[in-house]
Amino acid sequence: MKQKLTTLLALLLIGASFSVLASPEADRKALIKQYKQDFPGIKFENYIYGALAMNPDAKSQYDSFMDFPSYSIDLEKGKSMWETPFKNGKRFSSCFPKGGKNVAGNYPYFDNAANRVVTFENAINACLKKNGEAELKYADKEMGLLTAYARSLSDGMKVSVKVKGKGALAAYEKGKQYYETRNGQLNFSCKSCHVQNAGKFIRSDQLSMMIGQASHWPEFRGGTDVVTLQGRFNQCEKNVRAKPKDANSEEYNNLEYYLTYMSNGLPMQTPVFRK
Amino acid sequence: MAEAMKMRAQMDGDVADVKVLIKHPMDTGTMKDKKTDKLIPAHFINQVVATLNGKTVLDAQWGVGIAQNPFIGFRVKGGKPGDKIVVNAVDNLGAKFDGEVVIA
């Protein structure tokens, strides 16, 4: 009898350890299921609007802004950066398949040879380096304007980040761990707000859901202030009184990898307005 | 300088809804250049005139209290699809900015 119990216990433990090592796809499905319960009125494709999807009034303000966005003047600068040839006569489009159209949704991806996550911004800088140009600073305004235009070429493409192989899974797990680790004086993790308390108010603002957060970067906050995804990580960490990591640090790249994976299947739209 | 202005006009019921975006630094003259530590001279738009088929419908005197790349939205009674809206702006250095759009 005792032996039977031990076997049963051992089996239970094995079962438990399996559920801890759930696959990324299972993580994503579980999260969608949770949000479906939390927000029965919001359709999956509307998750890209984040907190706007929960508030029709804010959404109508957003719509009227996006109708004639005031960032269109800034965006032209990004366009001219993208289209201006390098000193050797090549352009950014030479570094990307299909001239840069409908590729941004595949980023970030895991580079097995380099054993690291490669973000779209990394690819931009790799392109500059290859053509003998100076690299851009990460999470900077110039990088923001350039990627705002470059990613807009992939508007409508579905986010399709892949996690394949041991290294990729490890990076995904590290990103997930960072997302779930409490941090800063206020002792919040990303998860405490955007998974466990999504939809609730934090002061006057509603917390957006995690799915759909990564499909629309960079965004223009307040209409004119361009912010990249990793720039936003930085702001978020400052808000919880944590010491932010550097843009393009391993932690942020893994976090971006995990976060973007969770937005898989949603259409890209860049840039957008957020207040 | 037509590229400095973006315009759009649409009918909304029986009024025309006009939106204008002007590319302009709108320097107040009180800010300092961070690198040289010298004042940036004032450079702002001080007059905006909008006409509907040649008839003035809006005449605004502006000052320094308006942000960079100003956005103006206004609604014109009596506008019809096909009518032409022209916006002329002048800044304190005498530079002129013009834009025109046909109401859709």
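Reader: What should I know about the model and the numbering before I start?

Author: The model is predicted, so local features need pLDDT of at least 70 and side-chain atom pairs count only at pLDDT 80 or more, while totals for chains, interfaces and linings use all residues. Residues are numbered from 1 along each chain as its sequence is written, and chains are lettered from A and ligands numbered from 1 in the order in which they are written.

Reader: Which residues are buried in H10(A)?

Author: Among them are Tyr252(A), Leu255(A), Tyr258(A) and Met262(A).

Reader: And what covers them?

Author: The cover includes helix H2 (24–38), strand S2 (116–118), helix H7 (166–180) and H9 of chain A. Contact here means C-beta atoms, placed from the backbone, within 7 Å.

Reader: How far apart are the end C-alpha atoms of H10(A)?

Author: They are 19 Å apart, which agrees with the 18 Å that 13 residues should span at 1.5 Å a residue. The expected span is 1.5 Å times one less than the number of residues.

Reader: Which peptide bonds to proline are cis?

Author: One is from Trp217(A) to Pro218(A), with omega near -10°. Pro218(A) is in the loop between strand S4 (205–206) and S5 of chain A. Another runs from Thr270(A) to Pro271(A), with omega near -20°, and Pro271(A) lies in the loop between helix H10 (250–262) and S7 of chain A.

Reader: What sheet do S5 and S7 of chain A belong to?

Author: An open sheet of three strands in the order S6-S5-S7, with mixed pairing. Its edge strands are S6 (225–227) and S7 (272–274), each pairing on one side only. Strands pair if DSSP finds at least two bridges between them. S5 (residues 219–221) and S6(A) run antiparallel and are joined by three bridges, with Arg221(A) opposite Asp225(A).

Reader: Over to chain B. How do S3 and S4 pair?

Author: Strand S3 (residues 45–52) and S4(B) pair in the antiparallel sense over six bridges. Val48(B) stands opposite Ala60(B) in S4(B). The two strands form a hairpin with two residues between them, and Asn53(B) in the turn has a positive phi of about 50°. Asn53(B) is partly exposed, with 13 other C-beta atoms within 10 Å.

Reader: How many residues of S4(B) are buried?

Author: Zero of the seven residues of strand S4 (residues 55–61), so described as hardly covered.

Reader: How many residues does each chain put into the contact?

Author: Seven come from chain B and five from chain A. In chain B, strand S1 (5–12) and strand S2 (15–22) each supply at least two residues of the side that touches chain A.

Notes
A residue is buried if 20 or more other C-beta atoms lie within 10 Å of its own, exposed if 12 or fewer, and partly exposed in between; C-beta atoms are placed from the backbone. Helices (H or I, at least four residues) and strands (E, at least two) are DSSP runs, numbered from the N terminus. Two residues are in contact if their C-beta atoms, placed from the backbone, lie within 7 Å.
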